[in-house]
Structure formats: structure tokens, C-alpha cells
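Please look over the sequence and the fold shown here before reading on. The text then follows the chain through a few of its elements.

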Amino acid sequence: MSDRLFIFDTTLRDGEQVPGCQLNTVEKIQVARQLEALGVDVIEAGFPVSSPGDFNSVIEISKAVTWPTICALTRAVQKDIDVAAEALQAAKHKRIHTGIGTSDSHIKYKFNSNREEIIERAVAAVKYAKRYVEDVEFYAEDAGRTDNEYLARVVDAVVKAGATVVNIPDTTGYCLPQEFGAKIKYLMEHVDGLSAGKAILSTHCHNDLGMATANTIAGIMNGARQAEVTINGIGERAGNTSLEEVAMILKCHKGIGIDTNINTQKIYPTSRLVSSLMNMPVQPNKAIVGRNAFAHSSGIHQDGVLKNVQTYEIMDPKDVGIDDNAIVLTARSGRAALKHRLSVLGVEMEGERLDVTYQEFLKLADKKKEVNDDDILMLAGADRAAAHAVKLDYLQVTTGMGVKSVACIGLDIAGEKFEASASGNGPVDAAISALKNIIKRQMVLKEFTIQAISKGSDDVGKVHMQVEYDGHVYYGFGANTDIVTASVEAYIDCINKFKK
């Protein structure tokens, strides 16, 4: 049995399905190139038939990366497969990922079908995809709740039809690790094509009950040789299996005897890049990449670490790309230092764009003692707002105990200047009320979340908002050392996304 695990990254497909985390094509290319540098074997670039944006992204990612396999998702529908094949034309290594639900629940309620018909549709989809590409992956959706005997029949049929990889998803995150491991073991023992090496099994585990990584490792230890993962474990609902967790578990537990192609020193910068572009903070206690992952506050722990780091750390921070001796950026740092740090974080920047970002960096550095990686990524993404029709010109707020909060705001709307003022129950309420006096639409604030990037009163604050307008919910993001300004910028970000 091979001791090589293939890493299938679905950050740009399953991960991007998180509400409010959608990327444009340029941003997807940036992430794809970073995934290539990280060493992932397969990049699931999108679901081409779902939208023109996804279709175009698969085309452009196929052109942008060299050695990873580019994968496109489809249903077991001929049109889906046709569109996926068209989108993948420029890929150096291409894969079509097709499939259908196999649990009794899916068969009865989703497809109003029966077991035999589902097998026929599965085989037909694989054979049709093989007309376009040699590398075809089949997914048995809700395999976690599919009985093993029937699942083995499905897997056997699609392998005979030509599938090179068979994906066994725990779609609802329901399985216990021993159950999922036993399921993989059963398939390895009862499907001749797997033991003969005609196809490999893949895991695709969701984290609804917090067991995605445990289930994935159980699957690997029982014969799966591809793991479907996302950066930071992002994904629908509670997320997917975390790439960084799987990679570091296998690196730390040498006794498992399975290696990946992942350059683990690229993990942390990749995590930060995805977090920044998707405006999705990494929880502080997140394994491997959370800001507290290598922090020790307990006196007993601190004493042990100072005597010997291995008393409480099973990983060297440098192994995941966290360099304690990294260049500290301040107001005295030059363009070269900024450009270097951006490059380390996966952002290549030259010419005028670098000049503009450097000027913004200097303004921020004047307000802070030092500028951290999250600040830099925030600055690097600031030019995304440059094309917005609605921009914040200025904001002035008067507030304090015993004083009614009053805000004056200036907006630039497609080159035309507007001003307004309003009072409110606090500075943020006053500022947004003033904004609404200019943008006279029926908008409802649905969610408002504030997060400090790290620790310190001078730090950049991130604000995430959901605003409902005309029956749709829009997601916005703002970042600034002034939290009121960040709040207004997040609201404006929502407005710029309104459907005309």
C-alpha cells in the first residue's frame, strides 16, 4: 500500500461556499498560486455550471498554476460535465469530479429514485466524464450514512466504469471516527478494484460534530490515500477538515508512516492569506494557525517551556511558518521590507500598487508601534475597494458620557460629493444614521461583529456586517484603527454590493 497521501484542497469550492466569503477571480488565482507553493496535489477550483463567475475562475486558475491537478465539480448530469470539461481545457492536469447521493435519505427524498437506478446514473456519469478526461473522481454524497454493503456496490461499479478516485464524504459530519474508519476498511476489503490499485479512496469530512479531522485520520489509517481539506477548516456550516491539521498530524506522528507533499513552512502564511481575502478571522485557539496555538499563559507551562520547549510544544513554530525572528515592520521600514513581507505572505506586489500600499502602510505605522501580518494583508487588500462606486470621504464623530453622539459624514458617489449629519445612540449608530441620510434606501442591519486583529489598544479592528436590502442579505467588511470608521466602511462595503 502506498505511503503517500494526496492532498485535495477544496478551499476555492467548498470553502468558498461560506456566506460572505466569496472571492473574485483575481483573488482566487492568488489563493491557487499559494496552494501550489504549499504543495497541494489537487485544487478543486469550482463548480463551473453553477455560475459564469465559477466557470471563468476555473478557466483562469487552469492557466495560472502548473503542476497541481485542477478539478471541477459536477453533478451526475451530462450538461454539468460538458461545462466542466470546457472550463478545464487550459489545465495541464485536469480532473472532473462527478457524483450523486447514495444514502437512502438522498435516494428517496432528493432523487425520488431507487438504489439500482442510482448505480446506473453513477456509472453513466463516470463513463461520460471519461470521454473528456482520463482522471475522473466520483463522489458518493452522504456516504457517511450509506450502509456499507450498498456503498461497496456503488464503488465497485464506478471503479469498473473508469473512476480513478472515489470520494467517500461524511457530508453531514455524523460519523464517529471508528465508524468512518471501519467504512473505509470495509470498502478496501470488498471492492476488488481498490485492492488491485485501479482507484484510490478519498475522504471528505465535515465538522458538524467537531470530528472532521479525526474521521479523516481514521480513514487514512484504514486505506484512504486522498484527503479533501480546506485552509483553516473553512466550509459550509461548521466547516471541513483542516488541511493544516492533517498535514501536521502526519508530520508529528511519524509512526503512521504516511507522508504528504505539503511544505509545512507555508502553512501559516497561506492561512493568513485566505483569512484576509475571505474576511474570515481565524479563531485564536484554532489548532496550528490560531494566534494562541504556541502561546503559554499558565505559570507551570511557561516554566516548562523555558526549561525545554518540548515539555509543552510538540511542534516547532517554524515548521508551520511562524518565525519568531521575522522582520518587525515599523514606520521606519522601507519598501523592500514591506515587499519582502508581502511576498512571504503570498502577495506579490510591484510598481504603483506597491507605492500606494507603502504610503498606506506608513500612515498605519504612524498610529501603531509595529505592524503585524494581518495588518499587512489588510493593507494589501485595501485596493479592492478602489473601484467601489460609494467611498468614504471623511467622518467626524462627537461622543462622550453625558453628550449626545453626533456624526458628520462625507461620501464620494461615482465622483459626486455628498454630506450629511445625524445623532444616535452611540458613535456607530450616529455614523450609520448619517450614512443613511445620504443613501436613502430601506436597509436593515442584520449582524454586526467587531474583532481586534491581535492584542493592544492601537490595533486595527475588523468589522463584519450583514445588511438586508430588497430581500437580499449582503456581507460587508471594514478594517481601521478607528472602530467607528471600520463600521462605516463595512456598511459601505455592503452598499457597494447591492444589486442594481
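What follows is a walk through some strands and helices of this predicted model.

Begin with strand S1, residues 6–9, which pairs with S2 in the parallel sense over two bridges. Aspartate 9 is set opposite isoleucine 43 of S2. Together S1, helix H1 (residues 25–38) and S2 form a β-α-β unit, and this unit is right-handed. From S2 the chain goes on through helix H2, residues 52–64, to S3, in a β-α-β crossover that is right-handed.

S2 also pairs with strand S3 (residues 69–73), in the parallel sense and over four bridges. Here glutamate 44 faces cysteine 71 in S3. S2 itself, residues 42–46, is mostly covered, with five of its five residues buried.

Now turn to H1. At the start of this helix, asparagine 24 places a side-chain oxygen within 3.1 Å of the backbone nitrogen of valine 26. After H1 comes glycine 39, with a positive phi near 105°.

How much of H1 is covered? Of its 14 residues, 11 are buried, so that the helix is mostly covered. Among the buried residues are Ile29, Val31, Ala32, Leu35 and Leu38, but also Glu27, Lys28 and Glu36. The cover over the buried residues of H1 includes S1, S2 and H2, together with helix H10 (243–252) and helix H11 (267–277).

Methods: Residues numbered from 1 in each chain as written. Predicted model: local features only at pLDDT ≥ 70, side-chain atom pairs only at ≥ 80, totals over all residues. Heavy atoms only, no water. Buried < 20%, exposed > 50% of the residue type's maximum accessible area, 1.4 Å probe, protein only. Pairing = 2+ DSSP bridges. Right-handed = clockwise from strand over helix to strand, strands pointing away. Contact = heavy atoms within 4.5 Å. Polar contact = N/O pair within 3.5 Å; in protein donor to acceptor, adjacent residues only side chain to side chain.
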